Amino acid sequence: MSSKVQSKGAKAKDQQSPTPESPPPPEANAEAIQFLNSLSYLTWNLEILEQHSQEFIKFPILPMERKTSLLKQEGQLAMTRSIKDGEEVKTEVTFLPLHSTLGFISEAANLLLLRVMAWRQMVPSNARFLALDMEGKLCYSSYQALGSQTIQVDRLQAEVFIVEQTIHSEEGIPMSCQFYLLSDGHLAKRVQVGSPGCCMITKMPILREEDEIEPPPVFEKKPLPWEEDMELYSRFLERKEQLRLSHSRYLQQHPDAEALISDFMLFLLLRQPADVVTFAAEFFGPFAARRPPTPALRSSRPLSPFRSLDPSLDPAAGRGAQLARAPQVRLRRKAGTPGLDEEDLLSLLRF
């Protein structure tokens with residue numbers, strides 16, 4: 001920890017000689033760190049990024065003002081304290097390593113910590129935190145629960161939870177403050193032990209109830225008896241009739257499709273192959289526009305009837321307009337009789 005002190009004004013004094021080495025800085029104990037670690041909705045160490053506070057007393061003859069700024073920068077906590085006593089202004093800058101501020105509770109973090117204690121109606125026992133004393137030096141800080149009490153706020157009776165914080169300064173006497181907290185953590189009253197005055201709210205705030213997190217809704221899969229729903233069943237029948245008319249219209253416009261399917265089914269039933277997919281590929285293969293030419297010499301390995309997906313392996317690829325034309329199969333139909341005629345049927349039986 002390092003510090004710089006500057007004084008200016010009509011009563012500024014010379015800088016005093018450096019003091020001997022100070023004892024090691026105080027550290028927060030395990031109970032305090034464990035309590036901070038239990039704050040799931042905040043970072044467990046309540047670390048400070050930037051904080052500014054100002055206190056002043058307006059006396060006509062000798063006014064007094066004290067400003068404190070905390071700023072986290074480059075792995076250190078820079079603390080600037082400015083005290084104005086009459087015309088004299090004293091400024092002190094202190095740098096604290098971040099590892100030495102573990103468990104440090106600033107004035108802003110103290111309000112959050114008190115609110116958590118009010119919500120839980122519990123104060124960590126034997127917890128020893130770190131805080132700043134009146135001289136701006138690190139010291140120990142402890143909390144103690146003083147029970148509940150009913151006070152009057154804005155003509156209303158309110159139940160409060162009382163927590164006492166004690167700052168254990170190493171150079172001066174301990175300083176204690178009592179905080180009267182409402183059920184939702186609002187600060188209703190603050191009393192400094194030994195002081196004749198106190199701070200108290202004049203208007204009752206709207207108390208906030210604890211938010212209850214509801215579990216996400218579960219939607220079970222239910223069967224849909226659409227046959228019993230008149231609207232859905234009507235749509236089904238309407239769509240079914242549309243498809244039937246569309247299919248019938250297409251077959252009327254393309255009679256060769258029905259003849260082709262009829263011929264394939266007849267040929268399939270005559271041969272009854274074990275592999276229907278390969279048989280269908282061989283049957284419809286001659287109709288392919290990019291069918292490879294038949295080799296001049298037969299091979300012991302039969303050619304696959306399926307076209308390769310890789311264009312570089314397709315012998316018919318790259319020929320441009322000179323594509324092999326599929327042989328035309330002439331389908332003749334007798335009047336009123338779908339399928340093959342007698343001559344075509346005999347040729348299939350001889351195949």
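1. Met64 touches Glu55, Phe56, Ile57 and Lys84, leaving aside residues up to four places away in sequence; contact here means heavy atoms within 4.5 Å. Met64 sits in strand 3 (residues 64-73). Helices (H or I, at least four residues) and strands (E, at least two) are DSSP runs, numbered from the N terminus. Met64 is partly exposed, at a relative accessible area of 39%. Buried means under 20% relative accessible area, exposed over 50%, and partly exposed in between (1.4 Å probe, protein chains only).

2. On conventions: this is a predicted model, in which local features need pLDDT of at least 70 and side-chain atom pairs count only at pLDDT 80 or more, while totals for chains, interfaces and linings use all residues. Residues are numbered from 1 along each chain as its sequence is written, and side-chain values use heavy atoms, with hydrogens and water left out.

3. Overall composition. The protein has 6 helices and 11 strands. Of its 351 residues, 26% count as buried. The accessible surface comes to about 26,600 Å², and 55% of that surface belongs to carbon and sulfur atoms; areas come from the Shrake-Rupley method with a 1.4 Å probe, and for residues only the protein chains shown count as cover. Among contacts between residues at least 6 apart in sequence, 48% join residues at least 24 apart.

4. The largest nonpolar core has 30 residues, and those with the most contacts inside it are Leu113, Met117, Phe129, Tyr143 and Val163. A nonpolar core is a set of buried Ala, Val, Leu, Ile, Met, Phe, Trp, Tyr and Cys residues joined through side-chain atoms within 4.5 Å. At least two residues of this core come from each of helix 1 (30-37), strand 4 (76-85), helix 2 (107-120), strand 6 (129-132), strand 7 (138-153), strand 8 (156-168) and strand 9 (175-181). Helix 2 gives the largest share, 6 residues. Apart from this core lies another, of 10 residues, including Val153, Ala158, Val191 and Met204.

5. Surroundings of Tyr143. Not counting residues up to four places away in sequence, Tyr143 touches Ile105, Asn110, Leu113, Leu114, Met117, Val123, Pro124, Phe129, Val163, Glu164 and Gln165. Leu113, Met117, Phe129 and Val163 in that list are, with Tyr143 itself, the residues with the most contacts inside the largest core.

6. Helices 4 and 5. In helix 5 (residues 276-284) the buried residues are Phe279, Ala280, Ala281 and Phe283, and they pack against helix 4 (255-271). At the start of helix 5, a side-chain oxygen of Asp275 reaches to within 3.3 Å of the backbone nitrogen of Val277.

7. Aromatic pairs. The structure holds 10 of them; rings of Phe, Tyr and Trp (its six-membered ring) pair if their centres lie within 6.5 Å, with planes under 30 degrees apart counted as stacked, over 60 as edge-to-face and the rest as tilted. Phe264 and Phe279 form a tilted pair, 6.2 Å centre to centre and 35 degrees between the planes. Phe264 lies in helix 4 and Phe279 in helix 5, so the pair ties together parts that are 15 residues apart in sequence. Phe264 is buried, at 11% relative accessible area, and Phe279 also counts as buried, at 11%. Ring pairs link Phe264, Phe267, Phe279, Phe283 and Phe284 into a cluster.

8. Cysteines. A search of the whole structure finds 0 disulfides, a disulfide being a pair of cysteine sulfur atoms within 2.5 Å. The closest cysteine sulfur to that of Cys177 is in Cys199, 9.3 Å away and too far for a bond. Cys177 is buried, with a relative accessible area of 4%. For the sulfur of Cys199, the closest cysteine sulfur is in Cys198, at 6.9 Å, again too far for a bond.

9. Backbone points to check. Asn126 is not a glycine, yet has a positive phi of about 60 degrees. Asn126 lies in the loop between helix 2 and strand 6 and is exposed, with a relative accessible area of 65%. Arg155, also not a glycine, has a positive phi of about 65 degrees. Arg155 is placed in the loop between strand 7 and strand 8 and counts as exposed at 80% relative accessibility.

Technical notes
A polar contact is a pair of N or O atoms within 3.5 Å; within protein, one must be able to donate a hydrogen and the other to accept it, and residues adjacent in sequence count only if both atoms are side-chain atoms.
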